[in-house]
Amino acid sequence: MFDFIVDHYNYWTYIGLMIIGFYAMMTKRNLIKKIIGMNIFQSAIIFFFISSSVKKGVTVPILEHAHGHAAHGLEHVTHAVDAMQYANPLPHVLMLTAIVVMVATLGVALAVAIMIYRKYHTLEEDEIIMAIKRD
Amino acid sequence: MKTLSIIIQVLLGAALIYGTLDMPKWGDPHSPAASHVSPYYLQHSIEHTATPNVVTSVLADYRGYDTLGETTVIFTAGMACILLLKRRDKSQGKRHV
C-alpha cells in the first residue's frame, strides 16, 4: 500500500493542481483570477507530461562523448548509445511546444482583459454582465 | 452555482484518480512511454542530425515543421495583442478609451 502511494503520488499532485485551476476558472468572478486558474491548469498538464519522462537513475537526454565521434565516424557511436542511460526526450520537446502555446494564450487573454477594463472599468464578471444588459 | 461546481470538481478528481491506478510507476524505466518510441530517437539522433542534445534535434530537425507552426502561433498571438492594445482614435473607434 505504501509503495503504491510512493509510485503514484505524483499523478495525484497534478490532479490536485489541475482541479484547483479548474475550480478557479469555474467559480471566480474576477477575470484575472480566471486567467491565473487557466495558467495553473496548464502547468498541471505540463507537470504531468514531464513526470512521464522520468526514469530512475538516469541523466538528461544529452548524449555523452558525442562531439568528438560525430566528426570522424558515426557508426560506432550509434550502437554505443544506451537508451536506458538517458531520460525520455519526447515529453520535454512536446512540453516546450505546450509552454509556447501557454504563453501565447496568456498574452492574448491579458490583452483581452485590458480591453474589457478599458471599456467597462471593471474586471468583475457580474458587473460586466450588468453593464452589458444596461446598454 | 458554487456547490454545483464543487460537485463537478470532486467527481472529476475521483474519475482522474481512478484512472491513475493503472498508470505506470513514477520513474519506471520500462514504462510504455520510455520503451516504445523514445529509444529510437536516443540511438539515432547522432547518426541523423549530428547533435548530442536529443531534445534540440527532435525540436528543430525531426519536428521542424511543428516548430515552424509554433512560430506562427507566437506571431499570431503577438499580432492579436498589438491589434487589441493599439489605442484607437476617438473619432473612428466606437470604444471609448
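The model is predicted: local features need pLDDT of at least 70, side-chain atom pairs count only at pLDDT 80 or more, and totals for chains, interfaces and linings use all residues. Residues are numbered from 1 along each chain as its sequence is written, while chains are lettered from A and ligands numbered from 1 in the order in which they are written.

**Fold of chain A**
- Chain A has six helices and zero strands; helices (H or I, at least four residues) and strands (E, at least two) are DSSP runs, numbered from the N terminus.
- The order from the N terminus is α-α-α-α-α-α.
- Of the 135 residues in chain A, 18% are buried. Buried means 20 or more other C-beta atoms within 10 Å of the residue's own, exposed 12 or fewer, and partly exposed in between, with C-beta atoms placed from the backbone.

**Interface**
- Chain A puts 47 residues in contact with 44 residues of chain B; contact means C-beta atoms, placed from the backbone, within 7 Å.
- On the chain A side, two or more residues each come from α1 (2-27), α3 (66-72), α4 (75-80) and α5 (89-120).
- α5(A) gives the largest share, 17 residues.

**His36(B)**
- His36(B) sits in the loop between α2 (32-35) and α3 (38-49) of chain B.
- His36(B) counts as exposed because it has 9 C-beta neighbours inside 10 Å.
- His36(B) and Gly69(B) are 33 residues apart in sequence, and 26 Å apart in space, C-alpha to C-alpha.

Note on methods: Two residues are in contact if their C-beta atoms, placed from the backbone, lie within 7 Å.
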